[in-house]
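Let's take a look at this protein together. Have the structure open while you read.

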Amino acid sequence: MTAPLLLLAWAAFLALAAAVLLTGVLPGDEWVRQAVLAHATPPVVQAMRWINLAGTWQVLLPVALGLLLFPRTRRRWWLWLLVLLLASGLESLLKPVIGRSETRRRGSGFPSGHATAAAAYLAALAYAAGDLPPLGRRLTRAAAACLIVGVGLARIVLHAHWPSDALGGIALGLGCAGVAALISGSTARSPAGSTSPAPPSRDAPSRTRPGPG
């Protein structure tokens, strides 16, 4: 994730968090929710129940372990572990602070924990997929993006969260994963990890032709 996209993710999250803290249910929440629920036929609801699993530990734990298979995330596994734990920690900390209720429950709703976890872990997988061949990289990143959006929609279809809860969770998760991606990328390009060619050896034959005489 580039620095502008990282800033955009954090700016979106902070803007949503501030708006929810000040106003509660946002003006467009109910309209978007009803628009999504209008398409929630029984087959769609059943499909969303399965997609919702992508925001639970049963799916995300294997995803986290799978990061060890990719060199770009295995090299700094501790960084990714800290950032993924940070995403869950921030979500748990902010929910009682913001204090907006979920749609059908008494618990706090912003940001969505499922959406936060799915965005953080699957964005990490999308970053790790940079080690794959072009086709595998594109397919993995497309699948990760679809699942992140799908989990957000599932939380709305299953009457668990307002749309802004899901959007806030996605922004928070992407922001946390983006921090790790930015640090990993910058340290890989640092002078200590530079792959520039070594200076020529003193014993190497000179290519300069001897002058006359």
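First, some ground rules. This is a predicted model, where local features need pLDDT of at least 70, side-chain atom pairs count only at pLDDT 80 or more, and totals for chains, interfaces and linings use all residues. Residues are numbered from 1 along each chain as its sequence is written, and side-chain values use heavy atoms, with hydrogens and water left out.

**The fold.** The protein has nine helices and zero strands. Helices (H or I, at least four residues) and strands (E, at least two) are DSSP runs, numbered from the N terminus. Of the 213 residues, 40% count as buried. Buried means under 20% relative accessible area, exposed means over 50%, and partly exposed is in between (1.4 Å probe, protein chains only).

**Two helices.** The expected span used here is 1.5 Å times one less than the number of residues.

| Helix | Residues in helix | Expected span | Span between end C-alpha atoms |
|---|---|---|---|
| α1 | 21 residues | 30 Å | 30 Å |

Which residues of α1 are buried? They are Leu 6, Ala 9, Phe 13, Leu 16, Ala 17 and Val 20. Seen down the axis of α1, the buried residues fall within an arc of 105°, so they line one face of the helix. (The arc is that of the directions from the helix axis to the C-beta atoms.) On the other side, Pro 4, Leu 7, Leu 8, Leu 14, Leu 22 and Thr 23 are exposed. Gly 24 comes after α1, and its phi is positive, near 80°.

α7 is mostly covered, with 15 of its 16 residues buried. Ser 112 caps its N-terminal end: a side-chain oxygen of Ser 112 lies 3.5 Å from the backbone nitrogen of His 114.

**A pocket.** A pocket is an open set of points on a 1 Å grid over the protein atoms alone, where a 1.4 Å probe fits, with protein on both sides within 12 Å along at least five of seven lines; lining residues have an atom within 4 Å of a point. The second largest pocket holds about 290 Å³ of space. Of its 17 lining residues, Ala 64, Leu 65, Leu 81, Leu 84 and Tyr 121 lie nearest its centre. Helices α4, α6 and α7 each supply at least two residues of the lining. By class, the lining has 13 nonpolar, four polar and no charged residues.

**One arginine.** Arg 72 sits in helix α5 (residues 71–74). At 23% relative accessibility, Arg 72 counts as partly exposed. Arg 72 and Ala 181 are 109 residues apart in sequence and 9.5 Å apart in space, C-alpha to C-alpha.

Conventions. Grid points are joined across faces, edges and corners, and a volume is the space filled by probe spheres set on the points. Ala, Val, Leu, Ile, Met, Phe, Trp, Tyr, Cys and Pro count as nonpolar, Asp, Glu, Lys and Arg as charged, and the others, Gly among them, as polar. A polar contact is a pair of N or O atoms within 3.5 Å; within protein, one must be able to donate a hydrogen and the other to accept it, and residues adjacent in sequence count only if both atoms are side-chain atoms.
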